[in-house]
Amino acid sequence: MTAVEGRGQWERYYDQAQSVWGWAPNRFVAEVLGPLPAGRALDLGAGEGRNALWLAGLGWRATAVDFAENALARGRAQAAEHGLDVEWVLADVLEHRPEPGAYDAVVVAYLHLDAEPLAAVLRGAANALAPGGTLVVVGHDLTNIADGVGGPQDPAILYTPDRVVGALELVGDLKITRAERVHRQTDRAPQPAIDTLVVAQAAESRASAGDS
């Protein structure tokens, strides 16, 4: 599938009567970022922007990036309805270059790509962290195919803790604070979905963040 075909597929997916994912934040994003003081946040591959909207509601200056116009339009409408200030950026995360060292939190949630492009996006996300900033990466785990429910069924684009950590290893001033498989109950089946969750923190002393 080409990039244009992929974008068209997502545009059609988001051209529905109701929100695709609901408006509550991902539970693991909320768990990690909820206790932190508000700052500047970036949500890459944001879809309708549920995590960015939630962060904005907590006082964060949130930016949501996605290549699906229909998704961002939904997010804008939701922001307007609830009086939330979110910056909406129409861009492909494979081409978007986040401002280095600018964000106190960066979220990459359920962004499923082949290994090399995903690694590039994750390193860009890590380099976008301000000193002491927090990166949250969550996505469907490889074991979810056999033991979980829902999600992509292509092993090549699924996460494992080791795969995500390996992609971040080139960012030298980054500390991995969590790297594990986590369970998320859905309404689709009795058994939970299985996700990979990786949390990392930029060094407090990071001088500058260039491209890796």
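1. Start with a definition: buried means under 20% relative accessible area, exposed means over 50%, and partly exposed lies in between (1.4 Å probe, protein chains only). By that rule R74 is buried, with a relative accessible area of 15%.

2. Some ground rules. This is a predicted model, in which local features need pLDDT of at least 70 and side-chain atom pairs count only at pLDDT 80 or more, while totals for chains, interfaces and linings use all residues. Residues are numbered from 1 along each chain as its sequence is written, and side-chain values use heavy atoms, with hydrogens and water left out.

3. Now the sheet. Helices (H or I, at least four residues) and strands (E, at least two) are DSSP runs, numbered from the N terminus. Two strands pair if DSSP finds at least two bridges between them. Seven strands make an open sheet with mixed pairing, in the order β3-β2-β1-β4-β5-β7-β6. β3 and β6 are the edge strands; each has a single partner strand, so one side of each has no neighbour in the sheet. From one strand to the next, the twist averages 15 degrees. Axes here are lines fitted to C-alpha atoms, for helices over the stretch in contact, and angles run from 0 to 180 degrees between N-to-C directions.

4. Strand β2 (residues 61–66) pairs with β3 in the parallel sense, over five bridges. D66 has L90 in β3 as its bridge partner. Helix α4 packs on the sheet and touches β2 and β3. Its direction makes about 170 degrees with that of β3. Contact means heavy atoms within 4.5 Å.

5. Next, the nonpolar cores. A nonpolar core is a set of buried Ala, Val, Leu, Ile, Met, Phe, Trp, Tyr and Cys residues joined through side-chain atoms within 4.5 Å. The largest one has 32 residues, and L44, V106, V108 and L135 have the most contacts inside it. Two or more residues come from each of β1, β4, α5 (115–127), β5 (129–140), α7 and β7. The most come from α5, which gives six.

6. Which residues does L135 contact, leaving aside its neighbours within four places in sequence? They are V106, V108, A125, A126, L129, L168, V198, V199 and A200.

7. Then the charges. A salt bridge is a side-chain nitrogen of Lys or Arg within 4 Å of a carboxyl oxygen of Asp or Glu. The count by this rule is seven. One of them joins R40 and E99, at 3.4 Å from N to O. R40 sits in strand β1 (residues 40–44) and E99 in the loop between β3 (86–90) and β4 (103–109), so the pair ties together parts 59 residues apart in sequence. R40 is partly exposed at 22% relative accessibility, and E99 is partly exposed at 44%.

8. A second bridge links E48 and R74, at 3.5 Å from N to O. E48 is in the loop between β1 and α3 (50–57) and R74 is in helix α4 (residues 69–82), so this pair ties together parts 26 residues apart in sequence. Is E48 buried or exposed? E48 is buried, at 1% relative accessible area.

9. R206 and D173 form a further salt bridge, at 2.8 Å from N to O. R206 lies in the segment after β7 (193–202) and D173 in the loop between α7 (161–168) and β6 (174–184), so parts 33 residues apart in sequence are tied together. R206 is buried at 7%, whereas D173 is partly exposed at 26%. Finally, salt bridges with shared partners join E31, R178 and E180 into one network.
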